[in-house]
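Biologist: I would like to learn how to read a model like this one, feature by feature. Could we look at it together?

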Amino acid sequence: MKEDFLHHVWRHKLFDQSDLKTTGGRDISIVKEGYHNHDAGPDFSQAKIIIDEIEWNGNVEIHINASDWYNHQHQSNPAYENVILHVVWKNDKEVTFTSDEAIPCLELQERVSPELVHNYKSLILNQSWVACENNLESINHDKIKLWLNSIAIERLNIKSNEIIQDLDESTNHWEMVFCKSLFRAFGLKVNQDAFTYLFESIPFEKMIQLASDVIKLEALLFGQAGFLSGKYQDQYPQILRKEYLFLKHKYSLEAIAINYWKFARMRPANFPTVRIAQLCQLLSKHPSLFQKILEYDTKGIKSLFEGIMTSSYWESHYRFDESSKEIKKKLGKSRVDLILINAVAPAIFTYGKIKNDDLLINKALELLESIPAENNSILTKWSNLGIESKSALESQSLIHLKKHYCDHYKCIQCQIGVTIISQI
């Protein structure tokens with residue numbers, strides 16, 4: 001038994017409400033169950049309860065055992081002084097206010113359907129890949145799709161909160177904040193932190209000022225990344241190093257540690273050196289990238305990233321001074337899609353959210369719907385269970401669902417789980 005199940009039972013009144021009485025024998029009538037509080041303080045606020053014909057307005061606190069009131073130290077917390085009803089699964093101890101007056105208590109264990117409890121326990125005790133996998137066939141797929149759309153908004157809101165925090169720290173400099181997201185997206189999981197440190201080590205305005213000159217921009221980024229600390233035989237890194245030493249002195253720069261960068265077990269095309277070179281070309285071509293993203297439609301946004309190459313030196317190198325077979329290192333479609341998913345769509349969504357612009361919010365969702373679904377082990381397993389994803393909007397939702405709900409057995413917070421639990 002978990003409290004989130006009892007929250008669900010109380011919120012939806014999934015218990016026998018006939019002849020309701022407190023554990024002390026007083027009559028109860030629930031006029032309004034209150035608003036679910038997800039922050040600190042009592043579980044439900046602004047409830048309206050009639051006890052022995054007297055109407056009470058205040059908070060409701062919910063526990064598995066009544067004694068949890070003391071285990072959680074509520075007796076010494078002023079936030080709980082306005083609790084008008086203590087709802088518990090088992091009343092194992094009388095709970096009183098500081099005045100020694102008993103807090104009205106409602107016990108639920110004999111009022112909740114055994115089938116409802118069984119369905120709930122069957123889910124949270126299931127050790128399958130996802131707890132509901134044996135029940136998914138019984139769920140209407142349209143309902144699943146609606147839930148995935150809600151999950152997509154939830155994921156974008158989480159990303160949005162991160163962007164808003166960066167905006168607060170940058171005095172609402174949208175181009176700067178988007179550029180930071182762009183750097184992180186170029187690093188993905190393996191080198192995400194290193195790209196973030198790289199961005200934070202460079203004054204943004206200086207970087208944009210140098211964007212029109214690719215050699216200076218590469219000197220700045222590769223130098224700050226720590227890749228120009230040694231001496232090289234090739235002429236190109238020598239040129240970059242000379243330019244970087246000048247920039248370093250001029251702007252009082254300090255490079256990040258080179259050991260932040262990871263190359264192991266990585267395809268050469270994904271080496272951070274190649275990604276930095278591609279990033280330099282993108283910034284050089286579109287120094288005011290976010291403004292264009294806001295103005296362009298979905299097709300136009302994609303065109304900003306398509307065809308981005310590297311400077312000629314990197315066509316025959318993956319690292320400085322280490323020549324390789326000559327090949328044009330174009331920013332691949334799969335990498336572009338990941339950048340659109342992790343940086344572009346969240347930025348558009350956040351801008352629309354702040355500006356209260358539904359057109360931009362919808363554009364972010366349409367962008368995700370226009371991107372093919374990813375292909376990974378999580379999505380393969382969902383597919384084996386009969387849930388296919390046709391777009392990045394759905395595939396990202398399924399990944400989020402697995403990591404943030406299924407892995408933590410938050411079945412009672414999931415519409416799929418709630419539907420299964422309610423099948424009596």
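**Reading the model**

Biologist: Let's begin with a single side chain. Is Arg-335 buried or exposed?

Modeller: Arg-335 counts as buried, at 10% relative accessibility. Buried means under 20% relative accessible area, exposed means over 50%, and partly exposed is in between (1.4 Å probe, protein chains only). Before we go on, this is a predicted model, so to speak, with conditions attached: local features need pLDDT of at least 70 and side-chain atom pairs count only at pLDDT 80 or more, while totals for chains, interfaces and linings use all residues. Residues are numbered from 1 along each chain as its sequence is written, and side-chain values use heavy atoms, leaving out hydrogens and water.

Biologist: Where does Arg-335 sit, and which residues is it in contact with?

Modeller: Arg-335 belongs to helix 12, which spans residues 333-354. Helices (H or I, at least four residues) and strands (E, at least two) are DSSP runs, numbered from the N terminus. A contact means heavy atoms within 4.5 Å. Setting aside neighbours within four places in sequence, Arg-335 is in contact with Phe-186, Leu-188, Asn-270 and Arg-275.

Biologist: How far is Arg-335 from Ser-160, in sequence and in space?

Modeller: The two are 175 residues apart in sequence, and their C-alpha atoms are 21 Å apart. Ser-160 is part of helix 4, residues 141-169. With 0% relative accessibility, Ser-160 counts as buried. Outside the four places on either side in sequence, Ser-160 is in contact with Phe-349, Thr-350 and Lys-353.

Biologist: How do I read the way helix 4 and helix 12 pack?

Modeller: Compare their axes, which are lines fitted to C-alpha atoms, for helices over the stretch in contact; angles run from 0 to 180 degrees between N-to-C directions. Angles under 35 degrees count as roughly parallel, over 145 as roughly antiparallel, 65 to 115 as roughly perpendicular and the rest as oblique. Here the axes cross at roughly 80° and come within 8 Å. Helix 4 and helix 12 are therefore roughly perpendicular to each other. Among the residues that make the contact are Leu-156, Ser-160 and Ile-164 of helix 4 and Ala-345, Phe-349 and Lys-353 of helix 12.

Biologist: How do the residues of that contact divide?

Modeller: There are eleven nonpolar, five polar and three charged residues in the contact of helix 4 with helix 12. In this scheme Ala, Val, Leu, Ile, Met, Phe, Trp, Tyr, Cys and Pro count as nonpolar, Asp, Glu, Lys and Arg as charged, and the others, Gly among them, as polar.

Biologist: And what is the angle between helix 14 and helix 15?

Modeller: Helix 14 (residues 377-384) and helix 15 (residues 392-404) pack at about 95°, their axes 10 Å apart. That makes helix 14 roughly perpendicular to helix 15. Ile-378, Leu-379 and Trp-382 of helix 14 make the contact with residues of helix 15 including Leu-398 and Lys-402. Lys-402 is buried, with a relative accessible area of 8%. Beyond four places in sequence, Lys-402 is in contact with Trp-129, Val-130, Ile-378, Trp-382 and Asp-407.

Biologist: What should I look for in a nonpolar core?

Modeller: In soluble globular proteins, nonpolar side chains tend to be buried together. A nonpolar core here is a set of buried Ala, Val, Leu, Ile, Met, Phe, Trp, Tyr and Cys residues joined through side-chain atoms within 4.5 Å. The largest has 79 residues, and Met-207, Leu-221 and Phe-305 have the most contacts inside it. Helix 5 (residues 174-200) gives the largest share of this core, twelve residues. Apart from this core lies another, of 51 residues, among them Trp-10, Phe-15, Ala-131 and Ile-421.

Biologist: Which residues have a positive phi without being glycine?

Modeller: Most residues other than glycine have a negative phi. Ser-252 has a positive phi near 55°, and Tyr-409 one of about 50°. Ser-252 is in the loop between helix 8 (235-251) and helix 9 (272-285), and at 66% relative accessibility Ser-252 counts as exposed. Tyr-409 lies in the loop between helix 15 and helix 16 (415-421).

Biologist: Finally, how many helices and strands does the protein chain have?

Modeller: The chain has 16 helices and eight strands. Its radius of gyration is 28 Å, well over the 22 Å that the globule rule gives for 424 residues, so the chain is more spread out than a compact globule. That radius is taken over C-alpha atoms, and the rule is 2.2 Å times the number of residues to the power 0.38. Along the principal axes, the C-alpha atoms fill a box of roughly 90 × 50 × 40 Å. Buried residues make up 50% of the 424.
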